Amino acid sequence: MSRRGTCAPLPVRFKDWHAIVNYNEAMKRIVAIDIGGTHLRAALFEGENTKPVFHQIVDTRSSEPGVFDRLVGVVESVWPKDGKVEAIGAASPGPLDPYSGTILRTPNIQEWVNFPLSPNLTKHFNVPVFLNNDAKLAGLGEWKFGAGRGYHDLLYLTVSTGVGGGVIANDRLVQGFHGMATELGHTTVDSNGPVCSCGFPGHLEAFASGPSIVKYVNQELASGAKSSLQPNPGLTPRAVADAAKSGDALALEAYGRAGEYLGIAVASFLHTFDPAIVIFGGGVSQVGALLFDPFHASLLKRVFHPRYLENLKIEMAALGDDAGLLGALAFAEISLSELPDQELQDRTHG
Ligand SMILES: [Zn+2]
């Protein structure tokens, strides 16, 4: 628990307070959507239950055109028969505008450029739709339901095919003026570094994502580095990790380099956000000491005052593949509770 988590609980005035809340909450239904590069997922949640009543997955890409139509289909497949749903929460890769519910551009869905996703879904389903960046929502999900419960200041980093982030500051999701804050993977850590998937040089993602680790190994092999690995465009981060665990020097160096740059970035994130907990999600984070030993060494060298590290927790994410869906659920719940009634009416009717 963070230091503010130790304050006295609020006084409970009614003996059956929990029963009243549970009764009212029981009927609340939210559909959560997770738009991924390979899969579209939708789940119906009821009341306070974080286990979905229905859950469906379809492929994002298909021989048939129309990702939006497939998304509508998967949402309809979890929609309750009586039609009563209060809101849709949606997690998507960015960049996007959460205030207008517009996808600006998203990897793997070429047809969605400046695509008004929330208005289109509202038109179809007649409920408010709350869209946000998938990594931000995974952070929100961990804060509400996962490894970050009880903390007021949290930083979440997913290290996977890309590197994404989310920050909770003083119990609120950091959104920014355009709603595009905390793109932590696109932090410049070396202005002369390799080109990132976004096209700009030296971003954290260009050092620490799974494809970046593989790319580095292939480049070094092509320049004659000795290794048990062979040059191979189909090489996976897992194969590199396996080689590293067998003592392969190049594979160890590839993860060491990723951990080093992760430490450079996280030191800056501590200076900027001063979180109580840093949570790591994503597949690359699962390799353990290969990444985190060099990460810790790099972090300790770069934090400019030891105070940032006092009682700082560094934990692994708890929600796994469900982080996006549960984050979308949390975002819809929070957004519903904060919207003025008139705006809620407007959003419900497009
Ligand atoms: Zn980038």
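Domain bounds here come from an automatic or database domain assignment. I looked up the division first: domain 1 covers 29–138 + 322–349 and domain 2 covers 151–317. Their centres, taken over C-alpha atoms, are 28 Å apart.

Two notes on the source. I am working on a predicted model, where local features need pLDDT of at least 70, side-chain atom pairs count only at pLDDT 80 or more, and totals for chains, interfaces and linings use all residues. Residues are numbered from 1 along each chain as its sequence is written.

**Domain contact.** I found 11 residues from domain 1 and 14 residues from domain 2 in the contact (C-beta atoms, placed from the backbone, within 7 Å). On the domain 1 side, α4 gives the most, with 5 residues. Helices are DSSP runs (H or I, at least four residues), numbered from the N terminus.

**α4 and α10.** I checked α4 (residues 134–145) against α10 (residues 323–338): the axes come within 7 Å and cross at roughly 80 degrees. Axes are lines fitted to C-alpha atoms over the stretch in contact, and angles run from 0 to 180 degrees between N-to-C directions. The two helices are therefore roughly perpendicular (65 to 115 degrees). Contact residues include Leu137 and Phe145 of α4, and Leu326 and Phe331 of α10.

**α7 and α8.** I then took α7 (residues 237–245) and α8 (residues 249–273), which pack at about 115 degrees with axes 7 Å apart. Val240, Ala241, Ala243 and Ala244 of α7 meet Ala251, Leu252, Ala254 and Tyr255 of α8.

Notes:
Angles under 35 degrees count as roughly parallel, over 145 as roughly antiparallel, 65 to 115 as roughly perpendicular and the rest as oblique. Two residues are in contact if their C-beta atoms, placed from the backbone, lie within 7 Å.
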